[in-house]
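Me: Can you help me read this fold? I'd like to go piece by piece.
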Amino acid sequence: MMISLIREENYAQTMREVVEPRLAALREEIDMPLDGGGALHAELYEQEGAKRAVVILHGYTESGEKFREMTWYFLQQGFNVFVPDHRGHGRSVRQMEETWLTHVDHFDDYVHDLEQLMDRVVLPRAGEKTLCLYAHSMGGAAGAMALIRHPEWFARAVLTAPMIAPSAAPLPGFIGKALADVMCALGKQNDRAFIGKPFDPANETFEASYATSRARFDYYEQKRIANKHLQNCAPTYGWVKEAIGVTKVLLDPENDKRIATPVLLCQAGRDTIVCLPEQRQFVEQVSGAQLRVFETAKHEIYCSDDEVMRGYLDVVLGFLTEA
């Protein structure tokens, strides 16, 4: 597939001088009121002649803004793009005063928010266009739950490093679950979990990141430093408990049988954030699902070096444009 890759050697300049201005000219930003209060922020990109549309769901501690490079590629391939910030992230509704702290009362809240966005914005605007899903990590978990509940929504779906099961490293999984359960039972669900710390640029190093492209990491990190709404970096005990609970839902064979959407799961070979065996089990339980492994990639496959990115884009865009 022909795609104009934004190369690492002049990445920041290309993003600032070419990509960001063109996206800004096309972008519509909305704050959609939610039934339970607050609003869901989303970026919408619609262009003349588009025959397809895609919903992008970002991961834990991320934002829709982090996916502007991917948005650029989707637009090049003739997609309209809808990119919400999940609650507790970016410019969407937050329960925590500290913008670096990530919380959700129930993981289902992410799915309920998506349902409202789909009903009120995406489906009416997409119309007869072929609608696809591209969802990363935590967004991949929410997206997979949506595929179970709404098999009619998407023609195809890419789950990239999805959080079928979060890693509890350095603790064994059962200890992490027990600790989160106990702290929530004690009424500490809104407290920062011991595994997290407040945002500090000194702790945000490329070497410790989940990217393999320094250029891509540096570009978004500068945005995070400049904008407190992009500084999510730590979970509450409530978020941890809810994230661990997702696995039971997503690995239930009866739930997985309900997924009728063709699914491609992109797995990062060097992923330490989510559990790889559970991703493979999910693929085995979903009829017709495909697995593609990017052996040298870390968790953020979309922030890989140019060599991996070329193959990744070919796979992702090739799969979605077959719909």
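Me: How many bridges join β3 to β4?
Reply: Four bridges join them in this predicted model. β3 covers residues 52-57 and β4 covers residues 79-84. The two strands run parallel.

Me: Which residue is the bridge partner of Arg52 in β4?
Reply: That is Phe79.

Me: What order do the strands take in the open sheet?
Reply: The order is β1-β2-β4-β3-β6-β7-β9-β10. That makes eight strands, with mixed pairing.

Me: Which are the edge strands?
Reply: β1 (27-33) and β10 (290-294). Each pairs on one side only.

Me: And how are neighbouring strands turned against each other?
Reply: By 20° on average, ignoring direction.

Me: OK, helices now. Where does α9 lie?
Reply: Helix α9, residues 276-285, lies across β7 (156-160), β9 (263-268) and β10. It runs at about 165° to β9.

Me: Which strands does α10 touch?
Reply: Helix α10 (residues 306-320) packs on the sheet and touches β3, β4, β6 (130-136), β7, β9 and β10. Its direction makes about 155° with that of β7.

Me: Which residues make the contact?
Reply: From α1, they include Tyr11, Met15 and Leu26. From α2, Trp72 and Leu75 are among them.

Me: How do the residues of that contact divide?
Reply: Eight are nonpolar, one is polar and four are charged.

Terms used:
Residues are numbered from 1 along each chain as its sequence is written. This is a predicted model: local features need pLDDT of at least 70, side-chain atom pairs count only at pLDDT 80 or more; totals for chains, interfaces and linings use all residues. Side-chain values use heavy atoms; hydrogens and water are left out. Two strands pair if DSSP finds at least two bridges between them. Axes are lines fitted to C-alpha atoms, for helices over the stretch in contact, and angles run from 0 to 180 degrees between N-to-C directions. Contact means heavy atoms within 4.5 Å. Ala, Val, Leu, Ile, Met, Phe, Trp, Tyr, Cys and Pro count as nonpolar, Asp, Glu, Lys and Arg as charged, and the others, Gly among them, as polar.
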